[in-house]
Amino acid sequence: SGIVLQNENSSFRDITLNGNITTSSVGAIDYIVTGKLKNKMADVDVVCDNVSVMFYKNFSKIHGRGFTFRKGAVGKGTGVVCEINTDDIVFGGSHSGDTPEGGLRHYVFSESRIDDVSGVFSVVGSGAAKDHVHGIQITGNQIKSCSNLIRSTDCTIRRVVLAKNVAFGLKTIALVPKIDGLVDMGNQWANEWRAITPSQSESSRLAWGYACSSYVRNALVCGSQFSDLFYSLFMIGKDTYLSAANPMSSYNINVVDNTFLNFGVTTALRSSVIDNETELTAVSIEKNFLQGNTAHVKNWINGLPDKSDSIIIKNNVNRAGFIQQQLSFTPKLYIGSIEKSVTGSQSYYSVDDNYIDVTMYLYFPKTLLDGSSGVLSFSLPTNSYQFENSAISSAFSGSGVVESASGFTNRPTYVSVNRTTMRLELKSSSGTDISTSDVSASTSGCVLYIKYRAKVRAV
């Protein structure tokens with residue numbers, strides 16, 4: 001049964017704890033160390049200083065809070081270094097730090113070497129604190145061959161710090177349903193160090209950074225380097241190897257000042273910074289350097305729902321085949337109040353501070369107008385913002401220019417954003433509305449290139 005610790009504040013120092021004395025097989029016991037107090041209170045607090053662990057299934061299982069492993073080494077482990085078990089724990093509740101919401105915290109793995117292990121931390125169980133595991137910290141480690149650093153099938157991890165790690169042989173950094181509070185800073189993440197063309201096999205690449213079947217909230221990835229990233233930095237709201245998709249709203253995700261080398265693959269996969277099936281709010285992808293195969297077109301964000309807002313993508317150095325640093329949308333054409341679909345469109349928008357900037361490349365055949373007459377206008381790119389009025393008029397939110405137009409007898413020259421009707425109105429040089437009567441009878445279709453800016457605020 002291994003070593004069972006039933007008292008608080010146990011320490012291991014300057015010792016080797018192997019699961020097996022030979023290299024031919026992994027140890028027979030499930031856990032070398034189990035920390036579980038007799039009274040089931042949460043204060044376990046196990047400290048390992050300069051400890052070496054080899055040939056094991058799992059090194060430790062902690063029923064409660066407090067695990068520190070520093071300046072040691074782990075290797076040849078088929079399980080994890082520390083299993084955080086949320087079952088069979090009694091919380092005193094005398095203060096906020098001893099409740100299910102605040103009582104499971106302080107899990108540190110630092111300044112150590114990892115060589116050929118399955119994982120560092122796992123969170124298991126169905127106890128009251130399973131969605132309130134705080135303070136996993138993995139810092140300053142040298143990592144070779146590790147499937148994932150953190151994993152869970154049905155728990156939430158909060159306030160996670162990963163910093164100054166150098167890793168290769170990594171498949172996924174974290175494989176969990178939910179993350180709320182993540183700092184990834186100053187790390188080197190890779191599957192293999194490669195000076196040649198990267199492998200097209202997922203098994204030889206860093207598949208994802210963070211694979212979360214439900215949501216990611218309050219995340220900062222800054223100053224880290226990712227090599228041979230196969231799919232995406234974040235996969236959110238989709239099935240993972242451990243848990244089924246349960247998409248919930250994600251927000252405040254910031255990817256800033258990072259380096260991505262050999263990003264994506266040459267086959268037609270959904271490589272992206274964020275691969276998403278959730279509502280997204282307040283996302284910033286800025287000042288990153290991205291290098292990869294430019295022949296394979298990549299999206300900054302895949303699967304962006306209409307209900308997402310405050311998405312900023314700018315000032316990135318793109319050498320990896322990403323599309324332009326704006327979000328795409330498909331506008332609707334209105335003939336009076338009649339709505340028509342515009343299939344020949346490449347339209348993009350970005351939101352920065354209190355303004356939305358929109359670029360539209362449009363084509364619609366003249367046959368689309370058959371049987372209808374009236375003023376021509378277009379839908380606005382998103383319903384996630386309130387278009388503000390201006391000093392000019394309570395209905396006026398912004399304007400722009402028609403850079404080029406063909407197929408018209410009365411050429412549109414500028415556009416006006418009407419916040420009352422939520423329409424982009426086409427105007428002639430004299431200020432009159434453009435209507436079906438201004439379309440040339442001899443044209444086969446109309447082409448427009450439009451740029452405009454409007455004042456907005458998030459709903």
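The C-alpha atoms fill a box of roughly 90 × 55 × 35 Å along the principal axes. The secondary structure is zero helices and 37 strands. Helices (H or I, at least four residues) and strands (E, at least two) are DSSP runs, numbered from the N terminus.

## Basis of the values

Residues are numbered from 1 along each chain as its sequence is written, and side-chain values use heavy atoms, without hydrogens and water. Because the model is predicted, local features need pLDDT of at least 70 and side-chain atom pairs count only at pLDDT 80 or more, while totals for chains, interfaces and linings use all residues.

## Surface and burial

The accessible surface comes to about 18,800 Å², and 48% of it belongs to carbon and sulfur atoms. Areas come from the Shrake-Rupley method with a 1.4 Å probe; for residues, only the protein chains shown count as cover.

Of the 459 residues, 53% are buried. Buried means under 20% relative accessible area, exposed over 50%, and partly exposed in between (1.4 Å probe, protein chains only).

## Nonpolar cores

A nonpolar core is a set of buried Ala, Val, Leu, Ile, Met, Phe, Trp, Tyr and Cys residues joined through side-chain atoms within 4.5 Å. The largest has 111 residues, and Phe-59 and Phe-234 have the most contacts inside it. Strand 14 (residues 166–185) gives the most to this core, with seven residues. A second, separate core of seven residues includes Leu-175, Ala-207, Trp-208 and Phe-230.

Contact means heavy atoms within 4.5 Å. Beyond four places in sequence, Phe-59 touches residues including Leu-17, Tyr-31, Cys-48, Phe-67 and Val-81.

## Two loop residues

Thr-99 is found in the loop between strand 7 (73–85) and strand 8 (107–110). Thr-99 counts as buried because its relative accessible area is 18%. Beyond four places in sequence, Thr-99 touches Phe-91 and Gly-93. A polar atom of the Thr-99 side chain lies 3.0 Å from the backbone oxygen of Ser-96.

Ser-373 lies in the loop between strand 31 (355–365) and strand 32 (376–379). Ser-373 counts as exposed because its relative accessibility is 61%. Leaving aside neighbours within four places in sequence, Ser-373 is in contact with Ile-335 and Thr-436.

Conventions
Polar contact = N/O pair within 3.5 Å; in protein donor to acceptor, adjacent residues only side chain to side chain.
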